[in-house]
Amino acid sequence: MGLYLGLDSSTQSLSAMIVDTAQGKVVLDESVNFGKSLPHYHSPSGFLPNENPQLRHADPLMWVEALELLLGQLRARGVDFGAVEGISGAGQQHGSVYLKQRLSDVPAWDTTKDLVSQLRPLLSRPSSPIWMDSSTSQECQEIAEAMGGDARVVTLSGSRAIERFTGPQIRAFYKREPEAYAATHEIHLVSSFLASLLIGKSAPIDHGDGAGMNLLELARGSWSPALLAATAPGLADKLPPPVPSRTRIGEVAAYFVEKYGFRSGTPVVAFTGDNPSSLVGMGATEPGTAVISMGTSDTVFAAMREPHTDPRGFGHVFGNPAGGFMCLICFANGSLAREKVAERAGLSWDAFERAILQETQPGNQGRLLLPFFIPEMTPKLLAPKVELFGNERFVAWQEPAALARAIVEAQALSMQRHSDWIGEEPKLIRVTGGAAKNRGIRQVLADVFGAEIRGLSVGNSSALGAALRAAEAIGQQPFASLYAAFAATDPSRNASPAPGATASYVDLRQKLIERLVALGV
Ligand code: XUL
């Protein structure tokens, strides 16, 4: 029993959460927003703006600076990191960091300098492609061809070759910048990169996040020689080893002991992807409960009894940090799309909620909005596509309340359609993420899925999952007892399907499917 720290480096912010497992309480939950707190990285939404919507990179030094900023702010406020007994973390999935040297081969971090100035000369690529990048269709095709078809890639790695996945991104780097690729000696995920900073040497990649690379052989938990060869030459020597998620990977580096007051020898557990981490934070590592996470991306995920794959090719199988597997479907048009509609309709979030709950009805009288403001991965649309169907005023963006309902209904219907391959119609769904706080959005999810919706008392499930993973691996506390204390549902955040509402979606669902088919997806 004790204090455990979880870190979560997401698209737009870095969070730190400390749980006290003796008290069953979250004692710290703080974030820094990259856009607001680090404006000199010119990344208001956490990535470098680029005219080409398929190119999405971020400056990895921004993540490094955010770590020092957050720890420094917390230390200045009197947070005693010396009392922390174990640390783990999570990162946005798929993004990659390219280094000229293995981090295990560089000298210990120098406490007279900041980490950014020590990392800058080590980067072999100044920017990191992140999960929103969709510029690698050609490379996906090449990998699939080299493997003898999609089916083999799916069987080995749990997913087709996917644009945002790290393997196709590495191949694109190798092809576009062969010299810089040759000068790269280590490639990290965002999660293993942050873990490496903390332990002051190369951190391994865990099975949860590693499965999002199209490189890991799921059944064996090791890099697949065939996928490595199909991706880029010499790749085996550039990747840290894959390890089970609960592996203790080292101790916090002296730099953090001296600068922020961590206790020397504080153990660090492998970092994982934000979604696998959320599976833990939502108390959903056993099959039977689906999770919908509504953040920058929306994701639907669940622990899996047996790994099976999506015949349409959009869904993925990742490692479940508690052992076994999880499935995941990711939708790029999450909160950015909801914000775009709210802005264009002139609605505050309160008005958005009222519009759904009081001013419109399930099914929205047949009004439909195709919500692809940025390139979408599920279904795959490489060019943005926003279309409205309904009466004249709606189509002219002049019915604010109907627009609010339309974006949420389209997203929920798309989630339902694209998660049907999981095989079990979920009757209980746990929800997390900023948008899940909105009562109107929770109600639409309940109505569309015909399922009971449960919100948790603790927000920020990915940071929570990281702290709980540290408590489980270091403090030897079983997940079940941690969930009883930390993954409790909050009755004020529940929603139940309204009578007759679920049946009223038959036509709208059909209309959405027809539009998608017309777009060829
Ligand atoms: C999952 C995915 C996103 C990122 C967001 O496959 O791409 O959910 O993990 O951080």
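Trp-349 is partly exposed, with a relative accessible area of 41%, whereas Phe-352 is buried, its relative accessible area being 0%; here buried stands for under 20% relative accessible area, exposed for over 50%, and partly exposed for what lies in between, with a 1.4 Å probe and protein chains only. This is a predicted model, in which local features need pLDDT of at least 70 and side-chain atom pairs count only at pLDDT 80 or more, while totals for chains, interfaces and linings use all residues. Residues are numbered from 1 along each chain as its sequence is written, and side-chain values use heavy atoms, with hydrogens and water left out.

Trp-349 and Phe-352 are 3 residues apart in helix H14 (residues 349–359), which means that about one helical turn separates them. Helices (H or I, at least four residues) and strands (E, at least two) are DSSP runs, numbered from the N terminus.

The count of aromatic pairs comes to 9, where rings of Phe, Tyr and Trp (its six-membered ring) pair if their centres lie within 6.5 Å, and planes under 30 degrees apart count as stacked, over 60 as edge-to-face and the rest as tilted. Because the rings of Tyr-255 and Phe-256 have centres 5.3 Å apart and planes at 70 degrees, this pair is edge-to-face, and both Tyr-255 and Phe-256 are buried. Trp-349 and Phe-352 also form an edge-to-face pair, at 4.9 Å centre to centre and with 65 degrees between the planes.

Ring pairs also link Tyr-98, Phe-173, Tyr-174 and Tyr-181 into a cluster. Arg-125 lies over the face of Tyr-98, 4.8 Å from the ring centre, and the charged end of Lys-238 sits over the ring of Tyr-181, 4.5 Å from its centre; a charge sits over a ring if NZ of Lys or CZ of Arg is within 6 Å of the ring centre and within 35 degrees of the ring normal.

Turning to the sheet, 6 strands form an open sheet of mixed pairing in the order S18-S19-S17-S16-S22-S23, two strands being paired if DSSP finds at least two bridges between them. The edge strands, S18 (316–319) and S23 (452–455), each pair on one side only. Strand S22 (residues 428–432) pairs with S23 in the parallel sense over 4 bridges, and Arg-430 stands opposite Arg-454 in S23.

Helix H16 (residues 400–418) packs on the sheet, touching strands S16 (290–294), S17 (298–304) and S19 (325–331), contact meaning heavy atoms within 4.5 Å.

Technical notes. Axes fitted to C-alpha atoms, helices over the stretch in contact; angles between N-to-C directions.
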